[in-house]
Structure formats: structure tokens, C-alpha cells
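Hi there,

Here is the structure I promised to pass on. Have a look at it first, and then read my notes below.

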Amino acid sequence: MQTKKIKVVIADDHKLFRKGIIALLEDFDFIDEIEEASNGAELLKLLGNMQILPDVILLDLRMPVMDGVEAQQKIRILYPEIKIIILTMEDDEQYILHLISE
């Protein structure tokens, strides 16, 4: 049985963190392509230029220019088929529940 390969985008303002996640993800055979962005605005521009959209976005909440909250709101409208996994060090339970409910 052949597993479908997926495309992933990582959006985080910390380059070292992005590169570490990319290095980990490259070990998985089912991941076909990995792209990266350093903020929400760059992420939206990247998505707008892609011929084939990613299956999954790993999205940091706290970024300059456009944070992950605003970016995910726009992505859910423009690209509802993309799955989003939030990356955060935020520990405010109410804040996290609010994000999940959107």
C-alpha cells in the first residue's frame, strides 16, 4: 500500500526552529515537500504563489508583521481545505480554547 505524500508549510519567525522542524520532517517518507515562511504575511504570499497548496501548515501564533492568529483567520477563508496545526508556547487556556473554537 502506497501512502499519499503530503506538502507542509512551516510559518515561524525563528529561523533555527524552522530549520530544526524541517530536519525532523525530512525523515518522514510521506512528506513530499516542505516550504517555510517567517511571518503570516509571507505565508499568505507564499500560498498565493503556489500551484499546489500544502496539505498542512504548522503555524506559530506570535510572529512580527502578521501574527498566526490573523494569518489563520485569513487562511480559513481563502484556503479552507488546508489543515492548520498551531505551534505556541502560550499557556493561557482560555486563549487556546478561543482559537480552537474559531
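This is a predicted model: local features need pLDDT of at least 70, side-chain atom pairs count only at pLDDT 80 or more; totals for chains, interfaces and linings use all residues.

Which residues of helix 1 (residues 15–25) are buried? They are R18, I21, I22 and L25. Seen around the axis, these residues cover an arc of only 100°, which puts them on the same side of helix 1.

The protein chain has 102 residues, and buried residues make up 36% of them. Its secondary structure comes to 4 helices and 4 strands, and along the sequence these follow the pattern β-α-β-α-β-α-β-α.

Helix 2 spans residues 40–49, and its buried residues are G40, L43, L44, L46 and L47. Looking down the axis of helix 2, you will find these buried residues within an arc of 160°, so they line one face of the helix. K45, G48 and N49 are exposed on the other side of helix 2.

In helix 3 (residues 68–78), the buried residues are G68, V69, A71, Q72 and I75. The arc they cover around the axis is only 160°, which puts them on the same side of helix 3. Turned away from that buried side is a face that carries the exposed residues I77 and L78.

The N-terminal end of helix 3 is capped by D67. A side-chain oxygen of D67 lies 3.2 Å from the backbone nitrogen of V69, and V69 is also one of the buried residues of helix 3.

V65 sits in the loop between strand 3 (56–60) and helix 3. Its phi is near 70°, a positive value in a residue other than glycine. Is V65 buried or exposed? V65 counts as exposed because its relative accessibility is 70%, and the cut-off for exposed is over 50%.

The aromatic pair

The count of aromatic pairs comes to 1. F28 and F30 form this pair, with 5.3 Å from centre to centre and 55° between the planes, and the pair is tilted. F28 counts as partly exposed because its relative accessibility is 41%. F30 likewise counts as partly exposed, at 34% relative accessibility.

F30 is found in the loop between helix 1 and strand 2 (31–37). Which residue 27 places away along the chain has its C-alpha atom 6.4 Å from that of F30? That residue is T3.

The largest pocket

The largest pocket holds about 190 Å³ of it. This pocket is lined by 10 residues, and those nearest its centre are D12, D60, L87, T88 and M89. Sorted by class, the lining has 3 nonpolar, 2 polar and 5 charged residues.

Best wishes

Note on methods:
Residues are numbered from 1 along each chain as its sequence is written. Side-chain values use heavy atoms; hydrogens and water are left out. Rings of Phe, Tyr and Trp (its six-membered ring) pair if their centres lie within 6.5 Å; planes under 30 degrees apart count as stacked, over 60 as edge-to-face and the rest as tilted. Buried means under 20% relative accessible area, exposed over 50%, partly exposed in between (1.4 Å probe, protein chains only). Helices (H or I, at least four residues) and strands (E, at least two) are DSSP runs, numbered from the N terminus. The arc is that of the directions from the helix axis to the C-beta atoms. A polar contact is a pair of N or O atoms within 3.5 Å; within protein, one must be able to donate a hydrogen and the other to accept it, and residues adjacent in sequence count only if both atoms are side-chain atoms. On a 1 Å grid over the protein atoms alone, a cavity is a set of points where a 1.4 Å probe fits but cannot get out, and a pocket is an open set with protein on both sides within 12 Å along at least five of seven lines; lining residues have an atom within 4 Å of a point. Grid points are joined across faces, edges and corners, and a volume is the space filled by probe spheres set on the points. Ala, Val, Leu, Ile, Met, Phe, Trp, Tyr, Cys and Pro count as nonpolar, Asp, Glu, Lys and Arg as charged, and the others, Gly among them, as polar.
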